[in-house]
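This briefing concerns the structure shown below.

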Amino acid sequence: MAQNDELACVYAALILADDSVTVTSEKLSTILKAAGVSVEPYWPGLFAKALEGVNVKDLITKVGSSAGAAPAAGGGAAAAPAGGDAPAAEDKKEEKKEESEESDDDMGFGLFD
């Protein structure tokens, strides 16, 4: 039930932000009442406090842009080493994998023994 209350308040806050209206508990309650959704009375107040002084549109665009930028930066860093450095890095990774596999054998038992 609480999950539905949260979701309803999120949608109400997005509606207000889309109309460039300040998010307040009264306005959230009004939208929820107009939609015929009943929520616990504390939810609109919590959302209003959480979004106080926050531009919801900027928040949404920043979250989306930072999530998309992280993989691009990771891909660029992986492509940066020159041809001579790449095989050395791969050899080190393979050595680490082999060491971790051997450490399980050193304990005298394996996962499926």
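An angle of 65 to 115 degrees between two axes counts as roughly perpendicular, whereas an angle under 35 degrees counts as roughly parallel and one over 145 as roughly antiparallel. The model discussed here is predicted. Its protein chain contains five helices and zero strands, and the order of elements from the N terminus is α-α-α-α-α.

**Overall composition**

- The protein chain has 113 residues, of which 15% are buried.
- Among the contacts in the chain with a separation of 6 or more, 51% are between residues 24 or more positions apart.

**Packing of α1 against α2**

- Two packed helices are described by the angle between their axes and the distance between the axes.
- For α1 and helix α2, which spans residues 25-35, the angle is about 110° and the axes are 9 Å apart.
- Because an angle of 65 to 115 degrees counts as roughly perpendicular, α1 and α2 are roughly perpendicular to each other.
- On the α1 side, the contact is made by A8, C9, A12, A13, I15 and L16; on the α2 side, K27, L28, I31 and L32 take part.
- By residue class, this contact between α1 and α2 comprises nine nonpolar residues, no polar residues and one charged residue.

- N4 is located in helix α1 and is exposed, its relative accessible area being 53%.
- D5 belongs to helix α1, which covers residues 2-18.
- D5 is buried and yet forms no salt bridge; the nearest side chain of opposite charge is that of K33, 16 Å away.
- A salt bridge would require a side-chain nitrogen of Lys or Arg within 4 Å of a carboxyl oxygen of Asp or Glu.
- Apart from neighbours within four places in sequence, the contacts of D5 are S38, V39, E40 and W43.
- E6 is also found in helix α1, and with a relative accessible area of 35% E6 is partly exposed.
- Not counting residues up to four places away in sequence, E6 touches W43 and F47.
- E6 and P44 are 38 residues apart along the chain, and their C-alpha atoms are separated by 8.9 Å.

**S20 in the loop between α1 and α2**

- S20 is placed in the loop that joins α1 and α2.
- The relative accessible area of S20 is 62%, so S20 is exposed.
- S20 has a positive phi of about 60°, although S20 is not a glycine.

**K57 in helix α4**

- K57 is part of helix α4, which comprises residues 56-79.
- A relative accessibility of 37% makes K57 partly exposed, because that class lies between the limits of 20% and 50%.
- Leaving aside neighbours within four places in sequence, K57 contacts A17, D18 and S20.
- K57 and L14 are 43 residues apart in sequence, and the distance between their C-alpha atoms is 8.4 Å.

**V54 in the loop between α3 and α4**

- V54 is located in the loop between α3, residues 42-50, and α4.
- V54 is partly exposed, with a relative accessible area of 35%.
- From V54 to V23 the separation is 31 residues in sequence and 9.1 Å in space, C-alpha to C-alpha.

Technical notes. Residues numbered from 1 in each chain as written. Predicted model: local features only at pLDDT ≥ 70, side-chain atom pairs only at ≥ 80, totals over all residues. Heavy atoms only, no water. Helix = DSSP H or I, 4+ residues; strand = E, 2+ residues; numbered from the N terminus. Buried < 20%, exposed > 50% of the residue type's maximum accessible area, 1.4 Å probe, protein only. Lys, Arg positive; Asp, Glu negative; His and termini not counted. Contact = heavy atoms within 4.5 Å. Axes fitted to C-alpha atoms, helices over the stretch in contact; angles between N-to-C directions. Nonpolar A, V, L, I, M, F, W, Y, C, P; charged D, E, K, R; others polar.
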